[in-house]
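Let's take a walk through a protein fold together, one piece at a time.

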Amino acid sequence: MKKRILITGAAGFIGANLCERLVKNPDNMIFALDNLYTGNLKNLAECQKYDNFQFIRGDVREKFDLPVDQIYNAACPASPPAYQRSPTYTTMTSVLGVVNMLELAKRYNAVMMQFSTSEVYGDPEVHPQVESYRGCVNPHGIRSCYDEGKRVAESLCFDYFREFGVKIKIIRIFNTYGRYMNPNDGRVVSNFITQALRGEDLTVYGDGTQTRSFQYVDDLIEGIDRMMNQSREDFQGPVNLGNPDEFTMLELAEKVLRKTGSKSKIVYCPLPGDDPTRRRACIDLAKKELNGWEPKIKLDEGLDKSIAYFRQFI
């Protein structure tokens with residue numbers, strides 16, 4: 001009998017890459033749920049060629065019933081422009097969505113993986129960020145709909161685990177980029193690449209010294225797969241999945257300009273509210289628990305792959 005797998009947010013950037021990985025196993029039956037708020041059906045074109053793949057248009061904020069063995073809950077707008085477009089929608093997607101998926105997991109004794117985020121650390125006072133750090137988050141800022149929504153979702157996962165015995169796994173995803181990103185989604189890698197390819201100024205916010213650690217999507221998908229299938233049932237996470245190599249925004253912009261051969265200029269804009277100044281994943285726990293997992297794709301290689309992908313849209 002095939003393993004029945006539900007992926008929410010399946011037509012989004014990470015969801016589509018995960019679908020593409022899991023559908024290639026003929027022992028899996030993939031159910032891809034998305035309301036297409038930010039997702040795009042074109043991202044699932046390859047998956048739809050497989051007989052063991054089914055797309056379902058639906059919203060995680062609504063109750064949902066389907067017998068499943070595993071749930072990957074990736075549904076939620078993830079780029080600041082997208083999640084700030086309707087903050088209440090974003091929060092409700094995180095909170096109601098995780099409740100509905102946890103109820104589904106409880107009903108069918110399924111494993112539920114919550115896709116959390118490095119944003120739960122806020123503007124961190126601990127560097128690099130370890131899973132035991134509780135964060136420094138503004139509960140009523142312009143980013144709090146996403147940050148606090150994900151924090152509540154983690155809390156609910158552990159409440160369902162302790163109260164009802166639901167099998168949970170939690171990953172915290174650090175800045176990830178690669179194929180199936182929306183060229184106009186407002187995240188820094190896609191912004192810089194599309195601006196450079198169009199000959200537009202590259203917009204660096206603040207003075208460009210704020211840092212991020214950038215992870216190519218293939219490395220993330222490998223970590224997700226290992227976390228879901230690792231043998232220790234008593235390990236729920238959360239576990240950081242990110243690339244510990246740290247770069248400033250200015251370094252990233254200059255790399256993109258060199259690689260694209262663009263004559264664009266770098267311009268500086270005011271730093272948005274609550275924008276974290278430093279971000280770097282500590283992945284010691286992932287290495288220990290996920291069979292030595294660590295990112296393999298360096299930023300230069302990942303940018304080359306991403307630039308080639310984005311060229312088709314420019």
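Strands (E, at least two residues) and helices (H or I, at least four) are DSSP runs, numbered from the N terminus.

Before going on, keep in mind that this is a predicted model, where local features need pLDDT of at least 70, side-chain atom pairs count only at pLDDT 80 or more, and totals for chains, interfaces and linings use all residues. Residues are numbered from 1 along each chain as its sequence is written, and side-chain values use heavy atoms, leaving out hydrogens and water.

Back to E2, which covers residues 28–34. Asn28, Ile30, Ala32 and Asp34 point one way from the strand, Met29, Phe31 and Leu33 point the other way, and all are buried. What does E2 pair with? On one hand, E1 runs parallel to E2 and is joined to it by 6 bridges, with Ile7 standing opposite Ala32. On the other hand, E2 and E3 pair in the parallel sense over 5 bridges, and Phe31 has Gln54 of E3 as its bridge partner. Two strands count as paired if DSSP finds at least two bridges between them.

Now zoom out to the whole sheet. It's an open sheet of 7 strands in the order E3-E2-E1-E4-E5-E6-E11, with parallel pairing. Strands E3 (53–57) and E11 (239–241) stand at the edges with a single partner strand each, so one side of each has no neighbour in the sheet. Ignoring direction, neighbouring strands are turned by 20 degrees against each other on average.

Helix H3 (residues 87–108) lies across E1, E4, E5 and E6, and runs at about 175 degrees to E4. Helix H4 (residues 144–164) packs on the sheet as well, touching E5 and E6, and its direction makes about 155 degrees with that of E5. For these angles, axes are lines fitted to C-alpha atoms (for helices, over the stretch in contact), and angles run from 0 to 180 degrees between N-to-C directions.

Next, look at the loop between E2 and E3, where you'll find Leu44. Leu44 is buried, with a relative accessible area of 0%. Leaving aside neighbours within four places in sequence, Leu44 is in contact (heavy atoms within 4.5 Å) with Ala10, Ala11, Ala16, Cys19, Phe53 and Phe55. From Leu44 to Ala32 it's 12 residues in sequence and 9.2 Å in space, C-alpha to C-alpha.

Finally, how do helices meet helices? Two packed helices are described by the angle between their axes and the distance between the axes. Helix H1 (residues 13–23) and helix H6 (residues 217–229) pack at about 65 degrees, with their axes 10 Å apart. The residues of this contact divide into 8 nonpolar, 1 polar and 3 charged. Nonpolar covers Ala, Val, Leu, Ile, Met, Phe, Trp, Tyr, Cys and Pro, charged covers Asp, Glu, Lys and Arg, and the others, Gly among them, are polar.

The axes of helix H5 (residues 188–198) and helix H9 (residues 299–310) come within 10 Å and cross at roughly 55 degrees. Their contact includes Val189 and Ile193 of H5 and Leu303 and Phe310 of H9. It divides into 6 nonpolar, 3 polar and no charged residues.

Note on methods:
Buried means under 20% relative accessible area, exposed over 50%, partly exposed in between (1.4 Å probe, protein chains only).
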